[in-house]
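Please look over the structure shown below.

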Amino acid sequence: MNKKFYLGHTITIGSSKVLHQIIAAKDIKCNKGLIKRGDLGGYIEKEKNLSQEGNCWIYPDARIYDNV
């Protein structure tokens with residue numbers, strides 16, 4: 001599978017929840033424009049929080065965790 005993003009910088013929220021910033025691994029055309037390879041996105045707890053398929057993206061001010 002050709003990955004859409006990979007995990008980068010981490011932050012901790014609360015006392016123990018670790019979130020990873022996503023980084024675009026390729027250009028992605030989404031409804032708000034073009035995400036270019038290397039662009040930084042928001043933070044996710046695990047890869048299951050964002051599909052590697054399709055054109056969905058999490059923008060830099062978003063935090064996605066738990067079973068969302």
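Is E45 buried, partly exposed or exposed, and what is its relative accessible area? E45 is partly exposed, with a relative accessible area of 23%, where buried means under 20% relative accessible area, exposed over 50% and partly exposed in between, computed with a 1.4 Å probe on protein chains only.

## Basis of the model

The model is predicted, so that local features need pLDDT of at least 70 and side-chain atom pairs count only at pLDDT 80 or more, while totals for chains, interfaces and linings use all residues. Residues are numbered from 1 along each chain as its sequence is written, and side-chain values use heavy atoms, with hydrogens and water left out.

## Salt bridges

The structure holds three salt bridges, a salt bridge being a side-chain nitrogen of Lys or Arg within 4 Å of a carboxyl oxygen of Asp or Glu. Side chains of opposite charge can pair when their charged atoms come close.

Another salt bridge brings together the side chains of E47 and K3, at 3.5 Å from N to O. E47 is in the loop between β5 (40-44) and β6 (63-64) and K3 is in the segment before β1 (5-13), so that this pair, 44 residues apart, links distant parts of the chain. E47 is partly exposed at 33% relative accessibility, and K3 is partly exposed with a relative accessible area of 41%.

Contact here means heavy atoms within 4.5 Å. K17 and C30 are 13 residues apart in sequence, and their C-alpha atoms are 29 Å apart in space.

H9 is found in strand β1 and is partly exposed, with a relative accessible area of 49%. Leaving aside neighbours within four places in sequence, H9 is in contact with L19, H20, Q21 and Y43. H9 and A62 are separated by 53 residues in sequence and by 14 Å in space, C-alpha to C-alpha.

## Nonpolar core and aromatic residues

The largest nonpolar core is made up of eleven residues, namely F5, I22, A24, I28, C30, I35, I44, L50, W57, I58 and I64, where a nonpolar core is a set of buried Ala, Val, Leu, Ile, Met, Phe, Trp, Tyr and Cys residues joined through side-chain atoms within 4.5 Å. At least two residues of this core come from each of β2 (17-24) and β3 (28-30). In soluble globular proteins, nonpolar side chains tend to be buried together. Leaving aside neighbours within four places in sequence, W57 is in contact with F5, I22, I23, A24, I28, I35, D39, L40, G41 and L50.

The structure holds zero aromatic pairs, a pair being rings of Phe, Tyr and Trp (its six-membered ring) with centres within 6.5 Å, classed as stacked if the planes are under 30 degrees apart, edge-to-face if over 60 and tilted for the rest. The charged end of K32, however, sits over the ring of Y59, 5.3 Å from its centre, the criterion being NZ of Lys or CZ of Arg within 6 Å of the ring centre and within 35 degrees of the ring normal.

## Cysteines

A search of the whole structure finds zero disulfides, a disulfide being a pair of cysteine sulfur atoms within 2.5 Å. C30 is buried, with a relative accessible area of 10%, whereas C56 is partly exposed at 35%.

Note on methods. Helix = DSSP H or I, 4+ residues; strand = E, 2+ residues; numbered from the N terminus.
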